[in-house]
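Subject: Structure handover

Hello,

Here is the structure I promised you. Please open it beside this email and follow along.

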Amino acid sequence: MAATKGRALIILAEGAEEMEAVITADVLRRGKVETVIAGLSGADPVQCSRQVVLKPDISLDEACKKEPFDAVILPGGGGGAKRLAQSAEVKKILKEQEKRDGIIAAICAGPTALVAHGIGVGKSVTSYPSVKDKFKDYKYLEERVVQDGKLITSRGPGTAFQFAIEIVRAVRGNDGVADGLAAPMLLE
């Protein structure tokens, strides 16, 4: 069994798409990546886009004391993405992650926070189709998962497994762990 390798931070905001947050966290943990779910507004339970309530592991403030993370991940969901895009703390985290060439991953409407904070400008990205027009300063692709260097983006809930597996691969490298994740989850 593979040892834990790498650290990932998932930032959970009210209105996040719960499938994207939970599937990503689950797959990362199956892939032996130490994964912290941090609440944008604290450690209290967060109501997501479909009224599922999730309990973050810790607050984002506490998570920031444990930096650096190999990957910073932004789930989608319209309300959650809007809160991520409006957060000065998220901007600071993303800017620092980009500066140190760390992995930044966003799914669904989550990539709109990248636009708001000027992250990955000029790179290839994808997103939920309804927010496609926001990526004027990026190369927009309509693929399920797009990776451009250390930036990983994905389309929505139905692509969350593939998105998460690609994050595992980016964090762990080519040690084979990511390749072994799909079959036991019956994705193939």
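**A buried glutamate**

Glu17 counts as buried, because its relative accessibility is 5%. Buried means under 20% relative accessible area, exposed means over 50%, and partly exposed is in between (1.4 Å probe, protein chains only). Glu17 sits in the loop between β1 and α1. Helices (H or I, at least four residues) and strands (E, at least two) are DSSP runs, numbered from the N terminus. Leaving out residues up to four places away in sequence, Glu17 touches Ser49, Arg50, Pro75, Gly76, Gly77 and Pro157. Contact here means heavy atoms within 4.5 Å.

Two notes on the source. This is a predicted model, where local features need pLDDT of at least 70 and side-chain atom pairs count only at pLDDT 80 or more, while totals for chains, interfaces and linings use all residues. Residues are numbered from 1 along each chain as its sequence is written, and side-chain values use heavy atoms, with hydrogens and water left out.

**Helix α3**

Which residues of helix α3 are buried? In this helix, residues 78-86, they are Gly80, Ala81 and Leu84. They lie on the same side of α3, because they cover an arc of only 95° around the axis. The arc is that of the directions from the helix axis to the C-beta atoms. Gly78, Lys82 and Gln86 are exposed on the other side of α3. What covers the buried residues of α3? The cover includes β1 (7-12), β6 (71-74), α4 (88-99) and α5 (111-117).

His117 counts as buried, because its relative accessibility is 5%. Setting aside neighbours within four places in sequence, His117 is in contact with Leu84, Ala85, Ser87, Val90, Lys91, Leu94 and Lys95. His117 and Glu18 are 99 residues apart along the chain, and their C-alpha atoms are separated by 23 Å.

**Helices α1 and α6**

Two packed helices are described by the angle between their axes and the distance between the axes. Take helix α1 (residues 18-30) and helix α6 (residues 160-172): their axes come within 9 Å and cross at roughly 40°. Axes are lines fitted to C-alpha atoms, for helices over the stretch in contact, and angles run from 0 to 180 degrees between N-to-C directions. α1 and α6 are therefore oblique to each other. Angles under 35 degrees count as roughly parallel, over 145 as roughly antiparallel, 65 to 115 as roughly perpendicular, and the rest as oblique.

Which residues make the contact? From α1 come Met19, Glu20, Ile23, Thr24, Val27 and Leu28. From α6 come Ala160, Phe161, Phe163, Ala164, Ile165, Ile167 and Val168. By class, the contact of α1 with α6 has 11 nonpolar, one polar and one charged residues. Ala, Val, Leu, Ile, Met, Phe, Trp, Tyr, Cys and Pro count as nonpolar, Asp, Glu, Lys and Arg as charged, and the others, Gly among them, as polar.

Val168 of α6 deserves a look. Val168 counts as buried, because its relative accessibility is 0%. Apart from neighbours within four places in sequence, Val168 is in contact with Val27, Leu28, Gly31, Val33, Gly173, Val177, Ala178 and Leu181. Val168 and Arg30 are 138 residues apart in sequence, with 9.2 Å between them in space, C-alpha to C-alpha.

**Strand β11**

Thr153 is in strand β11 (residues 151-154). Is Thr153 buried or exposed? Thr153 counts as buried, because its relative accessibility is 0%. Beyond neighbours within four places in sequence, Thr153 is in contact with Ala106, Pro111, Leu114, Val125, Thr126, Arg144, Val145, Val146 and Phe163. Thr153 and Ala109 are 44 residues apart in sequence and 9.9 Å apart in space, C-alpha to C-alpha.

**Backbone points to check**

Most residues other than glycine have a negative phi, and most peptide bonds are trans. Now look at these cases.

- A cis peptide bond joins Glu67 and Pro68, with omega about 0°. Pro68 lies in the loop between α2 (60-64) and β6.
- Gln51 is not a glycine, yet its phi is positive, near 65°. Gln51 is in the loop between β3 (46-47) and β4 (53-54). Gln51 is exposed, with a relative accessible area of 54%.
- Cys108 is not a glycine either, and its phi is positive, about 65°. Cys108 is in the loop between β7 (103-107) and α5. Cys108 is buried, with a relative accessible area of 8%.

Best wishes
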